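Please look at the sequence and the fold together while reading the paragraphs below.

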Amino acid sequence: MIVGIIGCGAIANIIVNNFLSKSDGITIKYFYDHDIEKAENLATIADGIAVLDIDNMINNVDVVLEAASPISVETYALKTLSNGKDIIIMSVGALMNNELREKMIETATKNNAKIFAPSGAIVGLDGIKAASIGKIKKATLTTHKPPKSLGKDTDEEEVLFEGKASEAVKMFPVNINVAAALSIACNMDVDVKIIVDPKVNKNVHEVDVEGDFGRFKTRTENLPCEVNPKTSMLAAYSAIKLLKGLNENFIMGT
């Protein structure tokens with residue numbers, strides 16, 4: 001299986017460095033970024049190919065992994081799916097655009113392609129997807145992040161946002177993909193609170209869900225990526241596990 005990556009930042013670097021062995025039957029071969037030097041650097045590490053034209057990637061891979069931005073999803077997802085190629089979306093916030101998501105699903109169906117969205121930086125999405133078979137009555141996400149992760153310089157705790165996930169992903173497009181992942185898993189626009197908190201040194205996500213199944217709470221304390229503190233290591237690991245799972249014969253979880 002040949003994989004191409006759009007966006008050669010922190011997540012792509014973590015993924016590539018965990019796939020230097022091709023024993024999984026997966027080869028990460030093509031790299032695209034608006035900064036060609038980033039693409040070339042990763043291509044050198046992976047013994048791959050940096051491309052200037054996205055078509056040179058799409059035409060030669062089985063799977064495209066987007067690790068760039070919501071704008072990249074809007075720009076390249078439909079082109080990828082129209083060519084019958086699967087796509088893995090890291091910028092899940094883009095999928096809160098219902099019109100875009102439905103168009104992607106329609107295009108994927110028409111061209112026998114699949115759309116994957118890793119669980120990202122929170123735990124419990126398998127349970128939430130199972131719970132959504134019944135009625136989910138309430139779902140909330142409270143996120144605490146250190147100032148550096150939010151690009152802030154402050155010594156005071158402050159609530160930066162309180163509202164619906166659909167608005168949160170617009171205001172914090174690279175910081176709160178977890179809100180979109182939770183909303184899509186719940187089939188509802190969940191309530192979100194984002195707090196800049198100088199007392200924490202991790203990206204902390206607390207999820208509270210109630211429904212016909214009962215209730216559960218999770219708390220995830222993610223170490224930020226050293227290269228980009230806006231990104232949690234777990235988000236990159238979730239993409240790696242999803243990629244490996246594409247070739248596995250034993251699959252655990254929903």
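Strand β4 (residues 63-66) is covered on both of its faces, with V63 and L65 buried on one side and V64 and E66 buried on the other; here buried means under 20% relative accessible area, exposed means over 50%, and partly exposed lies in between, with a 1.4 Å probe and protein chains only. Helices (H or I, at least four residues) and strands (E, at least two) are DSSP runs numbered from the N terminus. The model is a predicted one, in which local features need pLDDT of at least 70 and side-chain atom pairs count only at pLDDT 80 or more, while totals for chains, interfaces and linings use all residues. Residues are numbered from 1 along each chain as its sequence is written, and side-chain values use heavy atoms, with hydrogens and water left out.

On one flank, β4 pairs in the parallel sense with strand β1 (residues 2-6) over four bridges, and I6 stands opposite E66; two strands pair if DSSP finds at least two bridges between them. With β5, strand β4 likewise forms a parallel pairing over four bridges, in which V63 stands opposite D86. These strands belong to an open sheet of six strands with parallel pairing, in the order β3-β2-β1-β4-β5-β6. Because β3 (49-50) and β6 (115-116) stand at the edges with a single partner strand each, one side of each is left without a neighbour in the sheet. Helix α2 (residues 36-46) packs on this sheet, touching β2 and β3, and its direction makes about 165 degrees with that of β2; contact means heavy atoms within 4.5 Å, and the axes are lines fitted to C-alpha atoms, for helices over the stretch in contact, with angles running from 0 to 180 degrees between N-to-C directions. Strand β2 (residues 27-32) itself pairs with β3 in the parallel sense over two bridges, where F31 has A50 as its bridge partner.

The next topic is the aromatic side chains. The structure holds three aromatic pairs, a pair being two rings of Phe, Tyr or Trp (its six-membered ring) with centres within 6.5 Å, counted as stacked when the planes are under 30 degrees apart, as edge-to-face when over 60 and as tilted otherwise. One of them joins Y32 and Y76 edge-to-face, at 5.7 Å centre to centre and with 80 degrees between the planes. This pair links distant parts of the chain, since Y32 lies in strand β2 and Y76 in helix α4 (residues 70-82), 44 residues apart. Y32 is buried, with a relative accessible area of 15%, and Y76 also counts as buried at 14%. In another pair, the ring centres of F213 and F216 are 5.6 Å apart and the planes stand at 50 degrees, so the pair is tilted; F213 counts as partly exposed at 37% relative accessibility.

Seven of the nine residues of strand β10 (residues 203-211) are buried, so the strand is largely enclosed by the rest of the structure. Strand β7 (residues 136-145) runs antiparallel to β10 and is joined to it by eight bridges, with L141 opposite V207. Strand β11 (residues 214-222) pairs with β10 in the antiparallel sense over nine bridges, where K217 is the bridge partner of D208, and β10 and β11 form a hairpin with two residues between them.

Within β7 lies T143, which counts as buried at 0% relative accessibility. The side chain of T143 makes a polar contact of 2.9 Å with the side chain of H205, a polar contact being a pair of N or O atoms within 3.5 Å of which, within protein, one must be able to donate a hydrogen and the other to accept it, residues adjacent in sequence counting only if both atoms are side-chain atoms. Not counting residues up to four places away in sequence, T143 touches I176, V178, K193, I194, I195, V204 and H205.

V178 is also one of the buried residues of helix α8. Helix α8 (residues 177-186) is mostly covered, with eight of its ten residues buried, and what covers these includes α6 (125-131), β7, α7 (165-171), β9 (191-196) and β10. Just after α8, N187 takes a positive phi of about 60 degrees.
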